[in-house]
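Hi,

Here is the structure I promised to pass along.

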Amino acid sequence: MSIVGLLAVISLLICEVVFWLDPFVGLAHFPNVQILTVGVFIAGALVYWIAKTVQARRGIHIEYAFREIPPE
């Protein structure tokens, strides 16, 4: 991860904490939206894991796609 990428992740995590905990602009008073937000991340991870498992059983390894840049 590059330095800029690391700084972006740190700043986004700070924004996420403020979004979850600030009662005026965040989700502090909306537990249904908090559950939905967590559910979206869990569903995305679950879909990725299922796709990776299905493709691995077919003999296709998804991680190989990210190992090297294809030639032009």
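**What I found**

V18 lies in helix 1, residues 3–21 (helices are DSSP runs of H or I with at least four residues, strands are runs of E with at least two, both numbered from the N terminus). V18 is partly exposed at 42% relative accessible area (buried is under 20%, exposed is over 50%, partly exposed is in between, using a 1.4 Å probe and protein chains only).

Before you read on: this is a predicted model, where local features need pLDDT of at least 70 and side-chain atom pairs count only at pLDDT 80 or more, while totals for chains, interfaces and linings use all residues. Residues are numbered from 1 along each chain as its sequence is written, and side-chain values use heavy atoms, with hydrogens and water left out.

Overall, the protein has two helices and zero strands. The C-alpha trace spans about 50 × 30 × 15 Å along its principal axes. Buried residues come to 4% of the 72 residues.

Q34 counts as buried because its relative accessibility is 19%. Q34 sits in helix 2, residues 31–57. Apart from neighbours within four places in sequence, Q34 is in contact with W20, L27 and A28 (contact means heavy atoms within 4.5 Å).

G39 is also found in helix 2, but G39 is partly exposed, with a relative accessible area of 30%. Between G39 and E16 there are 15 Å in space, C-alpha to C-alpha, and the two are 23 residues apart in sequence.

Cheers
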